[in-house]
Amino acid sequence: MYYYEQPNVEFNDQLLIFKTEKKEDNNGKTDYKEKLFSSILKLNSYYSENTNENESNDLFDKPPLIKYEYFDDNNDGLIDRFKFKISFMTDEGTKNIKNMRLIFLFKYEFKVNIVGKMDTAAFIDVDTPLGASYIKVNGNLNLKQKSPIDRTTFYDEIYYENIFNNSNEKINFYEAQSEYYSRNFSTYYDYETYIEPLRNPRIVKMDIDINVPSFQKILFTTPLFTKIKFFWVQYLAVFIPIGCIMYFIMQFVFRNHIVSTINSNDIGLEKKKIL
């Protein structure tokens, strides 16, 4: 069985940004360097502590400026969309930005027929072979479910902790994405992109709109007694058309005298004397 519900979604104030830049050394050798910005303090500490002295830090040289708003368009108490604005400077120039990947983390909650919470994510992967000074992303945060769940154990089954909270190694975007999508419940950000390579030679700006659909389909299994109840109602409903057919057949038989019948009146009538 299934039903539709708009979940209660809140931004978790946790965001990861990966940028891949093209670099050339003095000998003309080309190399690609990935740098990370993270709003997760534990993850930043790990990156800083596990960088060799002879290596450049894998974190952003300058932190980006991040602003976000959320909107309840129909005033029902549930957030319908998020709008993020991100900008950062790059010493290598925006023409050398070859890829941008982002992970937004959300709290996702159901409250109607099934009650449960989980941590979800929106993954964005944008290739920019010509560079990127402005990127516009717009899409829907859709719920993905692989198999139905039992209503009585729903909360325990779908509550997943943040996949980066206990990370003891450097983050691989694609491995994290694959691990996340292996869950029974996940969210998939279905988006479109618009890219301007050369708006500004040093500053990258991103506008990202994440919409929460009003109706998300949730599959669940029902207890045995509930199934019996629905089966019993359907079983009895079968006799309704059968009863109607029998009624019309009986009318046809008696009106057309297909079988012999005898009219009888057992009510005795007494004559009244009029004085």
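A charge sits over a ring if NZ of Lys or CZ of Arg is within 6 Å of the ring centre and within 35 degrees of the ring normal. Lys144 does this here, lying over the face of Tyr181 at 4.7 Å from the ring centre. Likewise, the charged end of Lys19 sits over the ring of Phe60, 4.6 Å from its centre.

Before going on, a word on the ground rules. This is a predicted model, where local features need pLDDT of at least 70 and side-chain atom pairs count only at pLDDT 80 or more, while totals for chains, interfaces and linings use all residues. Residues are numbered from 1 along each chain as its sequence is written, and side-chain values use heavy atoms, with hydrogens and water left out.

Helices (H or I, at least four residues) and strands (E, at least two) are DSSP runs, numbered from the N terminus. Two strands count as paired if DSSP finds at least two bridges between them. Strands of a sheet pair through backbone hydrogen bonds, either parallel or antiparallel.

Now for an open sheet of five strands: its order is 4-5-11-8-10, and the pairing is mixed. Strand 4 (65–71) and strand 10 (185–196) are the edges; each has a single partner strand, so one side of each is left without a neighbour in the sheet. From one strand to the next, the twist averages 15°. (Axes are lines fitted to C-alpha atoms, for helices over the stretch in contact, and angles run from 0 to 180 degrees between N-to-C directions.)

Inside that order, strand 5 (residues 81–89) runs antiparallel to strand 11 (residues 203–211), and nine bridges pair them. One to look for is Lys83, whose bridge partner in strand 11 is Asp209. Helix 3 (residues 173–181) lies across strand 8 (134–145) and strand 10, at about 140° to strand 10.

**Rings meeting rings**

Rings of Phe, Tyr and Trp (its six-membered ring) pair if their centres lie within 6.5 Å; planes under 30 degrees apart count as stacked, over 60 as edge-to-face and the rest as tilted. By that rule there are 22 aromatic pairs. Here are two of them:

| Pair | Centre distance | Plane angle | Type |
|---|---|---|---|
| Phe60 and Phe88 | 5.3 Å | 65° | edge-to-face |
| Phe82 and Phe106 | 5.2 Å | 55° | tilted |

Phe60 lies in the loop between helix 1 (41–49) and strand 4, and Phe88 is in strand 5, so this pair ties together parts that are 28 residues apart in sequence. The other pair also links distant parts of the chain, with Phe82 in strand 5 and Phe106 in strand 6 (residues 97–110), 24 residues apart.

Buried means under 20% relative accessible area, exposed over 50%, and partly exposed in between (1.4 Å probe, protein chains only). Phe60 and Phe88 are both buried, and both Phe82 and Phe106 are buried too.

There's also an aromatic cluster, formed by Phe18, Phe123, Phe173, Tyr174, Tyr180, Tyr181 and Tyr188. Tyr181 is the ring that Lys144 lies over.

**The start of the chain**

Strand 1 (residues 2–5) has two faces: Tyr3 and Glu5 are on the covered one, Tyr2 and Tyr4 on the uncovered one. Strand 1 pairs with strand 12 (residues 216–221) in the antiparallel sense, over four bridges. Tyr3 has Ile218 in strand 12 as its bridge partner.

Pro7 comes in the loop between strand 1 and strand 2. Its relative accessible area is 0%, so Pro7 is buried. Its C-alpha atom is separated by 8.3 Å from that of Phe215, 208 residues apart along the chain. Contact means heavy atoms within 4.5 Å. Not counting residues up to four places away in sequence, Pro7 touches Leu78, Tyr108, Glu109, Phe110, Val212, Pro213 and Gln216.

Thr20 is found in strand 2 (residues 8–24) and counts as buried at 13% relative accessibility. The side chains of Thr20 and Arg101 are joined by a polar contact of 2.9 Å. (A polar contact is a pair of N or O atoms within 3.5 Å; within protein, one must be able to donate a hydrogen and the other to accept it, and residues adjacent in sequence count only if both atoms are side-chain atoms.)

Most residues other than glycine have a negative phi. Asp13, in strand 2, has a positive phi of about 60°, and at 49% relative accessibility it counts as partly exposed. Asn75 sits in the loop between strand 4 and strand 5. Its phi is also positive, near 55°, and with a relative accessible area of 70% Asn75 is exposed.
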